[in-house]
Amino acid sequence: MAKVYGAVTIDTARCKGCDLCVIACPPDVLALQPKEVNDRGYHFAYAAAPERCVGCAACATVCPDACIEVYRVVERDK
């Protein structure tokens, strides 16, 4: 049986820290960077627990600036 994992990438330079993706993420993968800011002065989103990503793409769907891409990684049994 193949296992499907998610992989999320965030364009931190374009992220404005609106927190919508963090709220929309069911497995609590994303968080806002508490101390760092991007060039625009926003606390940006990042994958705080990437191992929990299931690839549902809820975060990418709600992102108003299209800063998030979600990929599905399939691990097949050998």
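Asn-38 sits in the loop that links β2 (30-32) to β3 (45-47), where strands are DSSP runs of E with at least two residues, numbered from the N terminus. The model is predicted, so local features need pLDDT of at least 70 and side-chain atom pairs count only at pLDDT 80 or more, while totals for chains, interfaces and linings use all residues. Residues are numbered from 1 along each chain as its sequence is written, and side-chain values use heavy atoms, with hydrogens and water left out.

With a relative accessible area of 10%, Asn-38 is buried (under 20%; exposed is over 50%, and partly exposed lies in between, with a 1.4 Å probe and protein chains only). Its side chain comes to 2.7 Å from the backbone oxygen of Cys-15.

The cysteines come next. A disulfide is a covalent bond between the sulfur atoms of two cysteines. Here a disulfide is counted when two cysteine sulfur atoms lie within 2.5 Å, and the count is 0. Cys-56 is in no disulfide, its nearest cysteine sulfur being that of Cys-25, 6.0 Å away. Cys-67 is buried at 6% relative accessibility, whereas Cys-56 is partly exposed at 38%.

Across the whole protein, buried residues make up 26% of the 78 residues.

Note on methods
Helices (H or I, at least four residues) and strands (E, at least two) are DSSP runs, numbered from the N terminus. A polar contact is a pair of N or O atoms within 3.5 Å; within protein, one must be able to donate a hydrogen and the other to accept it, and residues adjacent in sequence count only if both atoms are side-chain atoms.
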